[in-house]
Structure formats: C-alpha cells, structure tokens
Amino acid sequence: MLTLPQSSPNAIEGLLDRRPISTAYPLASHIHSGSRKTTPVQITPTLSIGGDKVVMIAGPCSIESEAMAQECASTLAKMGIDMLRGGAYKPRTSPYDFQGLGRNGIEILESVRSSTNIPVVTEVMDVRLVNDVAQKVDMIQVGARNMQNYPLLMELGLCGKPVLLKRGHSARIQELILAAEYIMKHGNNSVVLCERGIRTFENATRNTLDVSAIPVLKAETHLPVIVDPSHAAGNNSYVTPLANAAIAAGADGLIVEVHPDPASALSDADQQLNYNEFSVLMRRIAMIAVACGRTVNWQL
C-alpha cells in the first residue's frame with residue numbers, strides 16, 4: 001500500500017490519491033455508466049426505453065371509466081403504441097376539479113393491462129400508495145408537482161419498478177437530475193426523465209417546451225429522456241409540431257394524451273388528441289425517426 005509523503009497536507013495513511021467528486025449526481029451521470037451512451041431502462045422483457053427505437057406512450061389524461069379505458073387501449077394498441085398512459089390519481093390546481101377515480105382507476109388499468117397486454121404507466125402522489133400501485137402497473141410516474149417530493153422519490157427508490165420522472169414547472173435541469181439521483185441513491189436505477197415544458201413569461205402555450213433540455217440531459221446523464229408535448233402545448237393544435245421537434249432533437253420517446261372524444265374529457269380536454277390527429281402524429285414521428293436513423297414500432 002502506497003502512502004503519500006507526510007509533507008503533503010492531504011496525506012492519509014494507506015491512501016495513494018484522492019479526488020473530489022466531479023459531479024453533484026454521480027449515479028445519473030456518465031461517470032457511473034462508464035459510457036457516453038444512454039443506458040436503456042427495461043420496462044418489460046420486450047420493451048425498453050433508451051435504445052434505437054422511438055417509444056410511443058399514449059392514452060387519456062384520466063381514466064374515466066372501464067369501458068372508455070378498454071376501448072381507448074384497444075384502439076391505440078392496433079395503432080402500434082408501445083405503452084398506455086392513464087391517470088388514476090390526478091393532482092389538480094382546483095380542489096373542485098375531477099381528481100381521478102383513485103383505487104378504482106388503478107383496478108381498471110390493471111384490467112386493461114391484462115386484456116390488451118400493453119404495459120401501463122400511471123402517476124402516484126402518495127408514499128402510502130407506492131407498493132400497492134407498483135404491483136399493478138409496469139411503470140410509475142412522478143408528476144411535475146411532485147418532482148421534489150423527496151419522501152416519495154426515496155420510496156420509489158425501493159419499489160422495484162421503473163420510474164418516469166417529470167420535470168417540475170419551474171425546475172432547472174440540474175434539479176431534475178438531482179431528483180433522479182434521489183431515486184437512484186435509494187436503489188432504483190431504472191429512471192426515465194421527462195421534459196414537459198416549464199413555466200415562463202409566455203402564455204401563448206400552457207408551458208414552454210424546453211427542447212434544449214433534451215441534448216443537455218443527454219450530455220449530462222446516461223438516463224433516457226422522453227418528452228410530453230401535450231402538457232407543454234395545452235392546445236392539441238400544437239402537440240404534433242412539438243412532438244416532431246422533440247424527436248428531431250434526440251428524445252427517446254413521447255408521452256402523448258389521446259382521448260376517444262377530447263371535447264368530453266373530464267380533464268385537460270384542450271390538449272388531448274383524437275384518434276385521427278394521433279394517427280397523423282405517429283406518421284410524422286415515424287418519418288423523422290427514420291430520417292434520424294432510428295426505428296419505430298408502427299407503420300408509416
């Protein structure tokens with residue numbers, strides 16, 4: 001064992017050298033992975049996020065009924081989506097808005113998952129619900145409002161399921177990565193980051209989609225990055241152009257809100273696409289993906 005000369009102010013018996021940690025998020029950084037490439041997150045034995053394939057996650061903002069969820073999942077499965085999204089617990093700004101179906105919504109998602117064989121992702125807001133929900137879905141989402149809910153992040157580090165971590169409304173990129181670090185530090189390396197727009201002075205859209213966050217996150221971390229154009233836009237007319245930009249900028253996938261009848265949706269009606277609009281989005285994303293040397297799971 002080598003020992004530094006005693007004249008050195010940093011001399012410690014048995015220590016050859018010491019170097020400060022060069023990043024605030026060693027687990028999420030490329031230092032941990034040992035490569036500049038993205039580390040894919042395995043969702044199911046046949047689905048991962050972070051490879052050459054652009055992953056499409058789609059579904060309604062909220063699970064409103066079993067009939068609606070089954071019909072939507074069946075239709076979207078035929079269109080070729082990789083994963084179904086659907087909110088059972090809905091954090092809403094107003095306490096009088098639709099809050100989701102709660103446990104009934106989770107049971108519906110489990111039923112849909114079983115009948116369609118499509119992996120499912122849904123949001124959890126409470127540490128007390130993590131273990132129960134983790135048994136019924138394939139991936140757990142942390143919404144923008146809970147990005148810095150540290151007890152929740154720590155619990156998700158123990159849950160054994162992949163986590164989709166959304167960027168907070170006013171969070172800097174480093175704060176998003178550090179939120180992921182909380183999950184990873186507690187044992188769960190299966191984290192996918194999600195850029196969903198941030199709050200700025202601009203009010204022409206619901207949020208401002210930070211497309212620049214995609215290459216920055218790719219440079220700073222080995223975690224997959226997907227984009228939510230629905231919450232960024234707040235208007236279904238803008239969802240497809242934002243989705244196009246996200247994939248062109250290098251995002252590993254998209255999470256898009258799609259509803260059988262957006263006008264009647266119980267939450268976020270303005271930003272949800274109908275099936276025809278979503279079909280157009282999928283065709284355009286496929287063309288961009290192919291042009292970038294990547295693949296998709298659906299036909300042009």
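**Exercise 1. Is D268 buried or exposed, and where does D268 lie?**

Step 1: D268 has a relative accessible area of 19%. Buried means under 20% relative accessible area, exposed over 50%, and partly exposed in between, with a 1.4 Å probe and protein chains only. D268 is therefore buried.

Step 2: D268 is found in the loop between β10 and α10. Helices (H or I, at least four residues) and strands (E, at least two) are DSSP runs, numbered from the N terminus.

Step 3: Now look at the backbone. Phi of D268 is positive, about 50°, although D268 is not a glycine. Most residues other than glycine have a negative phi.

A word on the model before you go on: it is predicted, so local features need pLDDT of at least 70 and side-chain atom pairs count only at pLDDT 80 or more, while totals for chains, interfaces and linings use all residues. Residues are numbered from 1 along each chain as its sequence is written, and side-chain values use heavy atoms, with hydrogens and water left out.

**Exercise 2. Describe the surroundings of D270.**

Step 1: The loop between β10 (253-257) and α10 (275-291) also holds D270. With a relative accessible area of 59%, D270 is exposed.

Step 2: Set aside the neighbours of D270 within four places in sequence; D270 is then in contact (heavy atoms within 4.5 Å) with G234, N235 and N236.

Step 3: S237 is 33 residues from D270 along the chain, and their C-alpha atoms are separated by 9.1 Å.

**Exercise 3. What is the phi of N117, and in which loop does N117 lie?**

Step 1: Phi of N117 is near 65°, a positive value in a residue other than glycine.

Step 2: N117 lies in the loop between α3 (103-116) and β5 (120-123), and at 69% relative accessibility N117 counts as exposed.

**Exercise 4. How do α2 and α10 pack?**

Step 1: Two packed helices are described by the angle between their axes and the distance between the axes. Axes are lines fitted to C-alpha atoms, for helices over the stretch in contact, and angles run from 0 to 180 degrees between N-to-C directions.

Step 2: The axes of α2 (residues 66-79) and α10 are 11 Å apart, at an angle of about 30°. Angles under 35 degrees count as roughly parallel, over 145 as roughly antiparallel, 65 to 115 as roughly perpendicular and the rest as oblique. The two helices, α2 and α10, are therefore roughly parallel to each other.

Step 3: On the α2 side, the contact holds E71, C72, T75, L76 and M79; these meet Y275, F278, S279 and M282 in α10. By class, this contact has 6 nonpolar, 2 polar and 1 charged residues. Here Ala, Val, Leu, Ile, Met, Phe, Trp, Tyr, Cys and Pro count as nonpolar, Asp, Glu, Lys and Arg as charged, and the others, Gly among them, as polar.

**Exercise 5. How many disulfides are there?**

Step 1: A disulfide is a pair of cysteine sulfur atoms within 2.5 Å. The count comes to 0 disulfides.

Step 2: Check C159, which is in no disulfide: the nearest cysteine sulfur, that of C194, is 17 Å away. C159 is buried, with a relative accessible area of 15%.

Step 3: Check C292, also in no disulfide: the nearest cysteine sulfur, that of C194, is 19 Å away. At 43% relative accessibility, C292 counts as partly exposed.
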